[in-house]
Amino acid sequence: METLEPTTPSPSSKAVNIDSRSPASTPSSLAPSVSRLWRPAAIRNLRNQWSKLSSLRKEWNSFSSNGRSLATSLVNAYLSEKFMPSMELGALSDIPDIRKSASWKLFKQQELYKNKLLTSYKKLVAVVTQMSKASKSMRCYLKGTSNASLVEFSSSSEDINDSGDGGGIPVFAFRSVSCFEKLSEELVQMFILELNLKRFLVVELLSLSCEASNVKRFNWSDELYQGEFDDLKVCNLFSEETSGPVQPRLAVSKSDVSNSGRNRQLNENTMEVYLTTWLAEVNICSMRVDGIFAEIGEEMGVNNL
C-alpha cells in the first residue's frame, strides 16, 4: 500500500496591488506641539506591529508545515489499520494475533497523531488571534491630556475626539495610519480564512476511525479545545447568531464550504485532496503577502521585514 503525500499545488495568482499611499488631508485634532511628538510615537508603534506580523507569519508557516506532516502520518496510520485485515503478511501470518497486535498499535499511533494535530491547530489559532490584535493596534492615541507635563501615547483611546491617526497625516513618507490598517486587514483576512478552512480539515481528520474503532466523531459546532470559541471570536470566526463557528469559505468564492457530506467514511482520494488542500493554503496568496511586506518595508526603510 502506498502512503499518501500531498501533491504540489499550482502557484497562486497574484492579487491586484492597491496603491494606498495617497495621504489624507484631515486636520489633526491634536495640538501642534503634541502632533510633533505623535509622529515618532506612531512610527515606533507601526514598526512594532508590523514586526509582530512578520514574525507571526513565519510562525504560521512553521506550524502549518508541522500540521500537514502530522495529518499525513495520521492518514497513513488510518489506511494501514483499515487495510490490515486484507494485507498479505507472508511468513508473518503464522505469528499468532499478528494482525490484532498491528492494528492496535496503528490505532494508538492515530490517537497520538490526532492529539499532536490538535495542538498544532491550536498554535495556528493563537498565531491568527495575535495577528488580529496587531492589525487592530496600528493607531497611536494620546495618553492623558495634552496639558500634562509628560506627553505619553498608548494603543487605547482615552478621548473620543482622538482618532489615533494624527489627523490622517503621513507617518513615514506617503501612508497614513489608515493606509497601514487597510494593508494589515487585507493580510490578516487571508490567514483568517485559511485558519477556518484548516479547522474544517482538522474536524474531518480528528473524526477518522475504522469500523471497529469506537472513536468520537466531531461536528463543526463542537469546541475542539477548551477556550477555542473565545479565540475564534477575536478573529471574527464565531457567530453569535448560530452560537458556533462561522462556516468555512474560499477567498475566491462568496459561498460557504458545505458540511452536508460529513459523517461518511472517507476514501483514499478524498483524504489525498484534504492533504493537498492543507498544503496549498488556497486562501493565502503568497505573492500578495510578500508584496504587502515589501511595500511596508520600503515605506519604513526596513529591508528584512
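The chain has 305 residues, of which 44% count as buried. Its mean pLDDT is 83, and 76% of the residues reach 70 or more. Where pLDDT is low, the predicted coordinates should not be read in detail.

The secondary structure comprises 6 helices and 4 strands, arranged along the sequence as α-α-β-β-α-α-β-β-α-α. Among contacts with a separation of 6 or more, 78% are accounted for by residues 24 or more positions apart. Helix α3 spans residues 177–206 and contains 30 residues. The distance from its first C-alpha to its last is 42 Å, close to the 44 Å expected at 1.5 Å a residue. Of the 30 residues of α3, 25 are buried, so this helix is largely enclosed by the rest of the structure.

The largest nonpolar core consists of 64 residues, and those with the most contacts inside it are Trp50, Leu53 and Val171. At least two residues of this core come from each of α1 (32–83), α2 (98–135), α3, α4, α5 and α6. In soluble globular proteins, nonpolar side chains tend to be buried together.

Leaving aside neighbours within four places in sequence, tryptophan 50 is in contact with Met138, Phe180, Leu183, Ser184, Leu187, Ile292, Phe293, Ile296, Met300 and Leu305. A search of the whole structure finds 7 aromatic pairs. In one of these, the ring centres of tryptophan 50 and phenylalanine 293 are 5.9 Å apart and the planes lie at 90°, so the arrangement is edge-to-face. The pair links distant parts of the chain, with tryptophan 50 in helix α1 and phenylalanine 293 in helix α6, 243 residues apart. Both tryptophan 50 and phenylalanine 293 are buried.

Another aromatic pair, formed by phenylalanine 229 and phenylalanine 238, is tilted, with 4.9 Å from centre to centre and 45° between the planes. Phenylalanine 229 is buried, with a relative accessible area of 15%. Phenylalanine 238 also counts as buried, at 14% relative accessibility, and is placed in strand β3. Not counting residues up to four places away in sequence, phenylalanine 238 touches Phe229, Leu232, Lys233, Ser243, Gly244, Pro245 and Val246. One of these residues, lysine 233, lies over the face of phenylalanine 238 at 5.1 Å from the ring centre. The C-alpha atoms of phenylalanine 238 and glutamate 228 are separated by 9.7 Å, the two residues being 10 residues apart along the chain. A charge also sits over a ring at tryptophan 220, where the charged end of arginine 199 is 4.7 Å from the ring centre.

Tryptophan 278 is placed in helix α5 and is buried, with a relative accessible area of 2%. Apart from neighbours within four places in sequence, the contacts of tryptophan 278 are Ser64, Gly67, Arg68, Leu117, Leu124, Lys198, Leu201 and Val202. Between tryptophan 278 and lysine 198 the C-alpha separation is 6.7 Å, although the two are 80 residues apart in sequence.

Two residues other than glycine with positive phi values were also considered. Glutamate 281 has phi near 45° and lies in the loop between α5 (268–280) and α6 (286–300). Glutamate 281 is buried, with a relative accessible area of 12%; this is under the 20% limit for a buried residue. Asparagine 236 has phi near 60° and is found in the loop between α4 (228–234) and β3 (238–239). In contrast to glutamate 281, which is buried, asparagine 236 counts as exposed, at 59% relative accessibility.

Definitions and conventions: Residues are numbered from 1 along each chain as its sequence is written. Side-chain values use heavy atoms; hydrogens and water are left out. pLDDT is the predictor's confidence in each residue, from 0 to 100. Buried means under 20% relative accessible area, exposed over 50%, partly exposed in between (1.4 Å probe, protein chains only). The expected span of a helix is 1.5 Å times one less than its number of residues. Contact means heavy atoms within 4.5 Å. A nonpolar core is a set of buried Ala, Val, Leu, Ile, Met, Phe, Trp, Tyr and Cys residues joined through side-chain atoms within 4.5 Å. Rings of Phe, Tyr and Trp (its six-membered ring) pair if their centres lie within 6.5 Å; planes under 30 degrees apart count as stacked, over 60 as edge-to-face and the rest as tilted. A charge sits over a ring if NZ of Lys or CZ of Arg is within 6 Å of the ring centre and within 35 degrees of the ring normal.
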